Amino acid sequence: MARFFSALGILALLAALPGCDGARDDGIVDAVIIGDPESMFDPGLRLSAPAQLLRGATTEGLVAFDASGEVVPALADRWIVTDDGQSYIFRLRDGEWAGGTALTSETVKTALTRAIAGLRGTSLGLDLAPVTEVRAMTGRVVEIRLEGPVPGLLQLLAQPELGLRRNASGVGPMALERKGDAAELTMLPPDMRGLPMRDDWEEYFEPIRVTAASADKAIAQFDSGAADIVLNGRISSLSLADTGALSRGTVRLDAAVGLFGLRIKSSKGFLSEAIQREAITLAIDRTALLEPFNIGGWVATTRAVAPDLDGEVDTGAERWPDLSIEQRQAIALQRVERWRAANGGNSPRLKIAFPAGPGSELLFSQIRKDLAAAGITSELVTQEDQADLVLVDRLARFASPRWFLNQFNCSLNLGLCSPEVDALVLDTIREADPGRRDAILREAEAVLNASNIYIPFGAPIRWSLVRGNITGFINNRWGLHPLPPLANRPI
């Protein structure tokens, strides 16, 4: 997946050029997260992007993500996995909950069990479905038992939603003070983070002030020098940021893993049959889709599951590899004409929902052109409840075909779904034989692709603005940039 953006190295080099960081020198790092300000302090388990970053900074789970997206110790300082992959055993670090209660296997078991239960009914809850039991063992040892192997379990446990809380409070690594709509975060002393204490530790960190804002306001703050970092940029706002060759080198793109395409919401009219929905998939020219955004190296896909997941089974090949876009659009047009002849000569008209923003308009203009070549009229709307299709733009929680398949589970009630796919995914949890499990995953993706309830484009886009004096920002495949590393003081 790291090959999605060949321009990443160039952008990183530009970011290091002198004279272009516009750094402020007031002893605090100002970070703006693109998102709803009212959601940033959400206390629940269904978190927005701003709330995820705050939760991850103030409420650790057993493990966490570092700046590069790798799993590192948090409340657990080490762990082992049994040979069958169905038991993860964690050794907890010395420590206390807020309020002074000891961090023990019993208290951690209670917190983790509560967090997993609270996620039922969500796609993350489906990802955690193989967890059968959390056991408190001796003193500071916790075991997680699984119905079947989950190679990405550590990535799941590092999610902000799996940060553990007791009496509504978590354990570091940062302390938060709310000041109006802003959150001011400071690093806790090393001994409160399970590390050896040292007298000069404060010299290595700066406080971070975090706010949330719309994309245009966030970019304006960065351009004025009021912000040092802007996070959570998406395709809808990418055209607001300068990605040209003469940019100041501050735009950073993540080679992210996830879903980027259209979900079918309506089963009426032209969308009632899979063969007609396939006409939409056929008509999209993915190679030209992101040309207006000046992104080099983006790799498109016609599959629901991202290709080339590191260390995971490859569940299939690209669809229609021997057909040109002209041939595909001709096939799509034939299907549209057959449907039109059977429906009083009326052309199909589709409403497609995108988030508001100039990037959305650019992307939709490309899609509208492609659909028009297949005889389909399309209209851009911003409200999902008005739409026949909606943009899906989600980062993967872990790099497994099962994550992709779970996003379309019927229990989520997000659009058209396939009970057959859901049953196959459930079978993979119960299947002990690795070869058979991989075969079931391949079958499940084939069924999902054939149903055409999702029109894939390629990898999701995430962008950030980062000044050259920020040392703790590293592009990574999860598109999630934890706040603690951003507090590192330049040495």
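This is a predicted model: local features need pLDDT of at least 70, side-chain atom pairs count only at pLDDT 80 or more; totals for chains, interfaces and linings use all residues.
Guide: Residues are numbered from 1 along each chain as its sequence is written, and side-chain values use heavy atoms, with hydrogens and water left out.

Visitor: What makes a run of residues a helix or a strand here?
Guide: Both are DSSP runs numbered from the N terminus: a helix is H or I over at least four residues, and a strand is E over at least two. Helix α2, for example, covers residues 49-58, and strand β12 covers residues 251-255.

Visitor: Why is R442 called partly exposed?
Guide: Buried means under 20% relative accessible area, exposed over 50%, and partly exposed in between (1.4 Å probe, protein chains only). R442 has 36% relative accessibility, so R442 counts as partly exposed. R442 lies in helix α14.

Visitor: How do you know whether A168 and N452 are buried or exposed?
Guide: A168 has a relative accessible area of 67%, so A168 is exposed. N452 has 2% relative accessibility and therefore counts as buried. A168 lies in the loop between α5 and β8, and N452 in the loop between α14 and β17.

Visitor: What is noted about phi in A168 and N452?
Guide: Most residues other than glycine have a negative phi. Phi of A168 is near 70°, a positive value in a residue other than glycine. Phi of N452 is near 55°, also a positive value in such a residue.

Visitor: Which peptide bond is cis, and where is P173?
Guide: Most peptide bonds are trans. The bond that joins G172 and P173 is cis, with omega about 15°. P173 is in the loop between α5 (153-157) and β8.

Visitor: What makes β12 mostly covered?
Guide: Five of its five residues are buried. V251, L253 and A255 are on one side of β12, R252 and D254 on the other, and both faces are covered.

Visitor: How many residues of α2 are buried, and what covers them?
Guide: Nine of the ten residues of α2 are buried, among them P50, L53 and R55. Contact means heavy atoms within 4.5 Å. What covers the buried residues of α2 includes β1 (29-34), β8 (174-179), β9 (182-187) and α15 (483-486).

Visitor: How do you know that β12 and β18 are paired?
Guide: Two strands pair if DSSP finds at least two bridges between them. Five bridges join β12 to β18 (residues 461-466), and these strands run antiparallel. Within this pair, A255 stands opposite I461 in β18.

Visitor: Why are β8 and β12 said to stand at the edges of their sheet?
Guide: That open sheet has seven strands in the order β8-β9-β10-β1-β11-β18-β12, with mixed pairing. β8 and β12 each have a single partner strand, so one side of each is left without a neighbour in the sheet. Inside the sheet, β1 and β11 pair in the parallel sense over three bridges, and V32 stands opposite V230 in β11.

Visitor: Which strands are at the edges of the sheet of five strands?
Guide: This open sheet has the order β15-β14-β16-β13-β17, with mixed pairing. Its edge strands are β15 (377-381) and β17 (454-456), since each pairs on one side only. Seven bridges join β13 (residues 258-264) to β16 (residues 389-395), which run antiparallel. The bridge partner of G261 in β16 is V392.

Visitor: Why is α13 called roughly antiparallel to α14?
Guide: Axes are lines fitted to C-alpha atoms, for helices over the stretch in contact, and angles run from 0 to 180 degrees between N-to-C directions. Angles under 35 degrees count as roughly parallel, over 145 as roughly antiparallel, 65 to 115 as roughly perpendicular and the rest as oblique. Helix α13 (residues 419-430) and helix α14 (residues 434-451) pack at an angle of about 165°, with their axes 9 Å apart. That angle therefore makes α13 roughly antiparallel to α14.

Visitor: Which residues make the contact of α13 with α14?
Guide: They include V421 and L424 of α13 and I440 and L441 of α14. The residues of this contact divide into seven nonpolar, one polar and four charged. Here Ala, Val, Leu, Ile, Met, Phe, Trp, Tyr, Cys and Pro count as nonpolar, Asp, Glu, Lys and Arg as charged, and the others, Gly among them, as polar.
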